[in-house]
Amino acid sequence: MLPLPSAPGIRIAARRCALFFAAWGLVICLPAPAHAMHIAEGIITGWPALAYTLIGFGLMGVGAKGIQKFQSEFPERRPLIGMGAAIIFFISLIPIPAFTGTTSHPCGTPLVAILLGPRVTFALTGISLLLQAAFFAHGGFGTWGANLMALGLVGATFGWSAFWVARRMGLPIMAAGCAGGLVGDIATYAFSGLVLATALVMAPHPQYDFGAYLAVIYAAYAPTQIPIAIGEMLITGLALRHALRQRPEVLEDLKVWQSYAAA
């Protein structure tokens, strides 16, 4: 029989748990600047901010056409568009403490792109980011275009592509979904790191060169973001497997899975 923990050990464990949940509550509940992997307002300025914003408008135009096509092809599946927007909005609002007051978060865009297509995901991500910047101080209006490129364009496209490649290789839906979630999440934050490093090296009197900034950013976020990517990998795979088991006709209709084969 395993020995029971001593009373002092129980008290120490309880104290540590209390400190953990207290810190978690402070991170979630207290107002703080949005230095999350939503790139915060003020980091990108001048012509780069304008360029990212114009690209964001272009992505929204592509996404609007994608939504129109989706509605014409799958009129009975229109409620899925609202579901996809809710997934992106709420999943990317989950703050997970990273370092020095910053946070990371999962994406949600790989799963939505797999179900609805990357182009629809562009528009849904852009709308979600605008709402988050306006009401939750996540990201910002000046960095909206860069965040849309990272979360919507890169995350959705890479996640969808990884799922497609895995599907063509004959992998089951669980494995294909895991591939999409993992690759999409990592690609999102890899691109965000590139954007942040570029903005910092272009600032007046930069302390480091581009490579050093990039190494610092990736090293700082790796301990938090790698577990998040693994979590998103599992959630994406499990969600698709559950959908195949419960509503296979939906995945068949959306051309996500071409047969009613077992998950």
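Is R77 buried or exposed? I looked this up before anything else. R77 counts as buried, at 15% relative accessibility. I note that the model is a predicted one.

**Entry: overall layout**

I went through the secondary structure next. I found nine helices and two strands. Along the sequence the pattern runs α-α-α-β-β-α-α-α-α-α-α. The protein has 263 residues, and 44% of them count as buried. I also looked up the surface. Then I turned to contacts between residues at least 6 apart in sequence. Of these, 73% join residues at least 24 apart.

**Entry: salt bridges**

I searched the whole structure for salt bridges and got two. One of them brings me back to R77, which pairs with D253. Their closest N and O atoms are 3.1 Å apart. I checked where the partners sit. D253 is in helix α9, residues 248–253, while R77 is in the loop between α2 and α3. The pair links distant parts of the chain, 176 residues apart. D253 counts as partly exposed, at 23% relative accessibility. R77, as I noted, is buried.

The other pair is R247 with E249. Here the closest N and O atoms are 2.4 Å apart. I looked up the cover on both residues. R247 is partly exposed at 45% relative accessibility. E249 is partly exposed too, with a relative accessible area of 29%.

Side chains of opposite charge can pair when their charged atoms come close.

**Entry: nonpolar cores**

How many residues does the largest nonpolar core have? I found 27. The residues with the most contacts inside it are I39, I44, Y52, A146, L148, F191 and V195. At least two residues come from each of α2 (46–73), α5 (118–135), α6, α7 (173–201) and α8 (210–246).

Leaving out residues up to four places away in sequence, L148 touches G56, L59, M60, F122, T125, G126, L129 and L153.

In soluble globular proteins, nonpolar side chains tend to be buried together.

**Entry: helix α4**

I checked helix α4, residues 109–116, for cover. Eight of its eight residues are buried. The buried residues are T109, P110, L111, V112, A113, I114, L115 and L116. After α4 comes G117, with a positive phi near 100°.

**Entry: V256**

I moved on to the segment after α9, where V256 lies. V256 is buried, with a relative accessible area of 3%. Which residues does V256 contact, apart from neighbours within four places in sequence? I listed I114, L115, F163, R167 and L251. I114 and L115 are two of the buried residues of α4. I also looked up a distance to W164. The C-alpha atoms of V256 and W164 are separated by 8.9 Å, though the two residues are 92 apart along the chain.

**Entry: surface patch**

W160, W164, V165, M169 and L171 make a nonpolar patch of about 460 Å². V165 sits in helix α6, residues 144–168. V165 is partly exposed, with a relative accessible area of 40%.

**Entry: cysteines**

I searched for disulfides and found zero. C107 is buried, with a relative accessible area of 0%. C178 is buried as well, at 12%.

I began with a general point. Most residues other than glycine have a negative phi. I then noted two residues that go the other way. A137 has a positive phi near 60°. A137 is placed in the loop between α5 and α6, and is partly exposed at 39% relative accessible area. H205 has a positive phi of about 55° and is not a glycine. H205 lies in the loop between α7 and α8. With 77% relative accessibility, H205 counts as exposed.

Note on methods: Residues are numbered from 1 along each chain as its sequence is written. This is a predicted model: local features need pLDDT of at least 70, side-chain atom pairs count only at pLDDT 80 or more; totals for chains, interfaces and linings use all residues. Side-chain values use heavy atoms; hydrogens and water are left out. Patches are made of residues with over 30% relative accessible area and no salt bridge: like charges are joined within 9 Å, nonpolar side chains (Val, Leu, Ile, Met, Phe, Trp, Tyr) within 5 Å. Accessible areas come from the Shrake-Rupley method with a 1.4 Å probe; for residues, only the protein chains shown count as cover. A salt bridge is a side-chain nitrogen of Lys or Arg within 4 Å of a carboxyl oxygen of Asp or Glu. Helices (H or I, at least four residues) and strands (E, at least two) are DSSP runs, numbered from the N terminus. Buried means under 20% relative accessible area, exposed over 50%, partly exposed in between (1.4 Å probe, protein chains only). Contact means heavy atoms within 4.5 Å. A nonpolar core is a set of buried Ala, Val, Leu, Ile, Met, Phe, Trp, Tyr and Cys residues joined through side-chain atoms within 4.5 Å. A disulfide is a pair of cysteine sulfur atoms within 2.5 Å.
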